[in-house]
Amino acid sequence: MALFIGVDDTDSATGMCTTYLLTELIRELDFPVLLGFPRLVRLNPNIPWKTRGNGALSMAIIGERSDAVPIGMIGGRRVMSSETPSSEAPCQEEVLEAASRVVERLAAFHDANTNPAVVVSKLRPDGQIYWKAVRELVSDDMALHFLSEAGGIYRKWKSGRGIIGATASISWVPRDRSYEIISYRQRERWGTAREVNAADSAKLSALFPSTFSNYDPVNRHSCIAPASPCPVLFGIRGNDPSVLESAMESVGSEPRDRWLIFETNQGTDDHITTPDGGLELFKSYFIRGTVAGMPRTTEGGHVFLELTTSHGAITCAAFEETKEFRNTVKQLIPGDIIDVWGSMKQGKIGITFNLEKMAVRALAKKLVKESNPSCPECGRRMHSAGSGAWYRCRACGTRSTESVFREEERTVSPGLYSVAASSRRHLSRPPEREAVYVAGGSR
Ligand code: ATP
């Protein structure tokens, strides 16, 4: 038996982090043994009311077990985990009380956009609520329906919208998974500049090849430390949890207050679906299309590309922050066939399909009009005869009946291209994970 606990929507853009709150909950519950790893589950990245990465937290706790192994350290005490449920589970009501105390102590209630909730359940709710919450817009009522079907109980504050993330997090049955070790700052340093050795983060992928999204070599940007004033020091993502503690130790930094390894859906593409009709706002899709116009670059360096697809015409957007990815988009021409991964978003310039990555499948021939060919009659150089692609020989009056083109070599090659590592979404599967991905594009 196990008891599933989910919590969400406790933080604000100016402080706190629900992953930290979970570490405090482990302390409040006096270090129960966890079933597997605690979970950091990213949900629909397109919802307008998320604070940052739409992360929801959960863990399953069990009774004492002799086979438990350490997966974290809080206040000098080890957090223990076992893969086997115990014969008895902790009391549902007592755990809800403890979790509520922690939320009341730590949640950023002052922020109008912070609407916490805690859920506790002896059974995992049906996994469908996870798939809906990672791909669609979900109502509080729908989440409550799934929770109550599993016999779960909850406590909520303000609008209590966190019930959606909290329920989805405990219901997740991984199709694909990754891990993240998160280390936290000492409390007195919160809000100050972080001391994390960027050069060490650049070495991580070579030293620990199963880790990913550590460093953006093109833009020389360390991706492991957040920029917000939250309690997180840095996080290292990977496919193999057993190397993450060593990876963390290899990065020089200010003193760590605590650390914990999470199981996550980061880097899985779980948010992406193949459309079965028209494309809807707030959803993320994988679509094949044909380039319908030359790419346009606007002020600010954003690049737009018209694409014809069997689900209608879309305007793909590669915004400035996608960095070098835009150079590939700019090289496309009408007739190219590409696969795109991204989201339907409403922005200042209307509805766009915001690109996360693209696969160039087939390249059209790039034909360039030959300037002034030789006259087939007298051999002299011909001249353009107006707006068409025709030519006229001024010497003998001969008109060419066909325009003359030459094929220009394409500068882009077929292959997979992703936005800069520093602007990648948490859920987006990075190039480093393509090889470990086994389950197929969509569910
Ligand atoms: P952080 O990443 O820093 O933890 P956040 O971006 O997760 O912050 P939250 O403060 O958790 O932001 O707010 C997200 C809110 O959106 C939560 O209340 C969550 O329950 C809700 N939510 C998550 N997924 C969906 C969805 N698919 N439909 C509707 N609401 C959702």
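Modeller: Helix α5 (residues 162–171) contributes most to the shell around the ligand, with 3 residues. Helices (H or I, at least four residues) and strands (E, at least two) are DSSP runs, numbered from the N terminus. This is a predicted model, where local features need pLDDT of at least 70, side-chain atom pairs count only at pLDDT 80 or more, and totals for chains, interfaces and linings use all residues. Residues are numbered from 1 along each chain as its sequence is written, and side-chain values use heavy atoms, with hydrogens and water left out.

Colleague: How many residues surround the ligand, and which are the closest?

Modeller: A residue is near a molecule or strand if one of its heavy atoms lies within 4 Å of it. Here 22 residues surround the ligand. Asp-9, Thr-51, Arg-52, Asn-54 and Gly-55 are the closest. By class, the shell has 7 nonpolar, 7 polar and 8 charged residues. Ala, Val, Leu, Ile, Met, Phe, Trp, Tyr, Cys and Pro count as nonpolar, Asp, Glu, Lys and Arg as charged, and the others, Gly among them, as polar.

Colleague: Which atoms lie 2.7 Å, 3.0 Å and 2.9 Å from an oxygen atom of the ligand?

Modeller: Read these as polar contacts (a pair of N or O atoms within 3.5 Å; within protein, one must be able to donate a hydrogen and the other to accept it, and residues adjacent in sequence count only if both atoms are side-chain atoms). Asp-11 places a polar side-chain atom 2.7 Å from a ligand oxygen. Gly-53 has a backbone N or O atom 3.0 Å from a ligand oxygen. For Gly-165, a backbone N or O atom lies at 2.9 Å from a ligand oxygen. The ligand taken alone exposes 640 Å², and the protein buries 97% of that. Such areas come from the Shrake-Rupley method with a 1.4 Å probe; for residues, only the protein chains shown count as cover.

Colleague: Is α5 mostly covered or mostly open?

Modeller: Buried means under 20% relative accessible area, exposed over 50%, partly exposed in between (1.4 Å probe, protein chains only). In α5, 10 of its 10 residues are buried. Take Thr-167, which lies in that helix. Thr-167 counts as buried because its relative accessibility is 0%. Contact means heavy atoms within 4.5 Å. Leaving out residues up to four places away in sequence, Thr-167 touches Val-119, Pro-125, Ile-129, Ala-143 and Leu-147.

Colleague: And why is helix α1 (residues 18–28) called largely enclosed?

Modeller: Because 9 of its 11 residues are buried. Among them are Tyr-20, Leu-21 and Leu-22.

Colleague: How should I read the nonpolar cores?

Modeller: In soluble globular proteins, nonpolar side chains tend to be buried together. A nonpolar core is a set of buried Ala, Val, Leu, Ile, Met, Phe, Trp, Tyr and Cys residues joined through side-chain atoms within 4.5 Å. The largest here has 54 residues; Ile-5, Met-59, Val-118 and Ile-236 have the most contacts inside it. Helix α2 (residues 92–106) supplies the largest share of this core, 7 residues. Apart from it lies another core, of 29 residues, including Val-41, Ile-129, Ala-168 and Trp-172.

Colleague: What about backbone angles?

Modeller: Most residues other than glycine have a negative phi. Asp-269 has a positive phi, near 65°. Asp-269 sits in the loop between β14 (256–264) and β15 (272–273), and is buried at 2% relative accessible area. Phe-282 also has a positive phi, of about 70°. Phe-282 lies in the loop between β15 and β16 (284–291), and is partly exposed at 25%.
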